[in-house]
Amino acid sequence: MENFKILNGYLDDNGKLKSMPGKKQKKKLEAMLIYLATKFEFDKEYTEMQVNEIINAQTAFRDPATMRRLMWGSGLLKRTLDGTAYWRSKSK
């Protein structure tokens with residue numbers, strides 16, 4: 001958790017994200033997305049359902065679709081064109 005001090009107040013005692021930063025808090029949102037990305041193994045393929053399950057296990061606010069899209073949009077997760085497979089790539 002040392003690398004994610006910026007998320008103080010957003011993480012509960014178990015390391016679960018309690019809420020999403022506001023739109024003006026881009027650095028915190030970016031840190032949150034990177035934090036979530038650490039929950040995925042590099043170069044392992046996940047289905048959309050598996051990605052949602054991992055995100056839901058790590059967040060209290062239950063919005064896996066938004067978080068998944070933000071992670072993909074920021075390059076933290078890659079996916080097939082049809083969205084049937086996702087993976088965390090070492091190259092962003």
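The paragraphs below treat the aromatic pairs, the charges over rings and the nonpolar core.

This is a predicted model, in which local features need pLDDT of at least 70 and side-chain atom pairs count only at pLDDT 80 or more, while totals for chains, interfaces and linings use all residues. Residues are numbered from 1 along each chain as its sequence is written, and side-chain values use heavy atoms, with hydrogens and water left out.

Two aromatic pairs are present (rings of Phe, Tyr and Trp, the last by its six-membered ring, with centres within 6.5 Å; planes under 30 degrees apart are stacked, over 60 edge-to-face, the rest tilted). The ring centres of Phe4 and Tyr35 are 5.1 Å apart and the planes meet at 80°, so this pair is edge-to-face. Because Phe4 belongs to the segment before helix H1 (26-37) and Tyr35 to helix H1, the pair ties together parts 31 residues apart in sequence (helices are DSSP runs of H or I, at least four residues, numbered from the N terminus). Phe4 and Tyr35 are both buried, that is, under 20% relative accessible area with a 1.4 Å probe, protein chains only. For Phe40 and Tyr46, the centres are 5.1 Å apart and the planes at 90°, so this pair is edge-to-face; Phe40 and Tyr46 are buried.

The charged end of Arg79 sits over the ring of Trp72, 4.5 Å from its centre (CZ of Arg or NZ of Lys within 6 Å of the ring centre and within 35 degrees of the ring normal). Likewise, the charged end of Lys90 sits over the ring of Phe42, 5.5 Å from its centre.

The largest nonpolar core comprises 21 residues (buried Ala, Val, Leu, Ile, Met, Phe, Trp, Tyr and Cys joined through side-chain atoms within 4.5 Å). Leu7, Leu17, Phe40, Val51 and Met71 have the most contacts inside this core. H1 gives the most to this core, with six residues.

Notes:
Helix = DSSP H or I, 4+ residues; strand = E, 2+ residues; numbered from the N terminus. Buried < 20%, exposed > 50% of the residue type's maximum accessible area, 1.4 Å probe, protein only.
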